[in-house]
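Visitor: I would like to go through this model and ask, for each term used, what stands behind it.
Guide: Then let us look at it together and set the values against the terms.

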Amino acid sequence: MTAIAGIVEQGRVYIGGDSAGTDGRYGQQVRSDRKVFRKDDFIFGGCGSARVNNLLRFRLDPPKPYDWEDLANRDHALAFMSTRFVEVVRSCLREYGAQMNVHGESQFGAAFLVGFRGCLYKVDGDYQVAVSEDPFDATGAGEMIALGSLHSTVGTGLGPQRRLEMALQAASRYNASVRPPFVIESL
């Protein structure tokens with residue numbers, strides 16, 4: 001479990017995450033493998049299965065947009081992420097054993113935020129891709145706490161990194177599976 005939070009501000013995507021590694025028996029340790037990382041033109045922050053993060057970070061070869069694709073158009077960008085991007089993620093996870101079959105549906109034991117070309121997307125375990133109406137989003141066990149914190153700091157003049165730090169601090173205060181140190185990246 002974890003807390004991953006992201007903000008879009010002035011065409012830049014910021015994603016932050018904690019460093020807790022937890023198990024189903026209330027065990028927790030601080031992990032040195034980062035849950036937030038950059039890869040090519042993408043920035044990722046993942047929760048759930050550490051194996052999924054490993055594959056996204058070290059095996060995924062993200063697709064490049066075609067020259068004719070107008071990804072400045074929000075609908076076209078969502079179509080790219082919902083089809084070509086997710087197809088490559090699904091193939092990578094299937095090939096390296098991180099995909100499972102739940103009630104006849106292909107799923108993976110995780111969720112992640114991904115920033116690409118100034119937009120923040122959430123990819124859930126069933127491969128759905130969502131874009132929040134808010135200029136921020138979160139996932140993981142501390143998701144709702146982080147979202148509440150991010151909402152409460154809109155319009156305060158605080159910078160995106162400080163807002164993410166505050167959201168992650170709140171999540172670690174009120175959720176036992178979230179723990180510093182926090183890692184924040186931007187793209």
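Visitor: What volume does the largest pocket have, and how many residues line the largest pocket?
Guide: In this predicted model, the largest pocket has a volume of about 240 Å³, and its lining consists of 19 residues, with Arg31, Lys35, Gly48, Ser49 and Ala50 lying nearest the centre.

Visitor: How is the lining of the largest pocket divided by class?
Guide: The lining has six nonpolar, eight polar and five charged residues, where Gly is counted among the polar ones.

Visitor: What makes the contact between H3 and H4?
Guide: On H3 the contact is made by Ile145, Ala146, Ser149 and Leu150, and on H4 by Arg163, Leu164, Met166, Ala167, Ala170, Ala171 and Tyr174. By class, the residues of this contact are nine nonpolar, one polar and one charged.

Visitor: How do you know that the peptide bond between proline 180 and proline 181 is cis or trans?
Guide: Omega is about 5° for the bond that joins proline 180 and proline 181, and this bond is cis, while most peptide bonds are trans. Proline 181 lies in the loop between H4 and strand E13 (183-186).

Visitor: What is the phi of aspartate 40, and where is aspartate 40 found?
Guide: Aspartate 40 has a positive phi of about 55° although it is not a glycine, whereas most residues other than glycine have a negative phi. Aspartate 40 is found in the loop between strand E5 (36-39) and E6.

Note on methods. Residues are numbered from 1 along each chain as its sequence is written. This is a predicted model: local features need pLDDT of at least 70, side-chain atom pairs count only at pLDDT 80 or more; totals for chains, interfaces and linings use all residues. Side-chain values use heavy atoms; hydrogens and water are left out. Contact means heavy atoms within 4.5 Å. Helices (H or I, at least four residues) and strands (E, at least two) are DSSP runs, numbered from the N terminus. On a 1 Å grid over the protein atoms alone, a cavity is a set of points where a 1.4 Å probe fits but cannot get out, and a pocket is an open set with protein on both sides within 12 Å along at least five of seven lines; lining residues have an atom within 4 Å of a point. Grid points are joined across faces, edges and corners, and a volume is the space filled by probe spheres set on the points.
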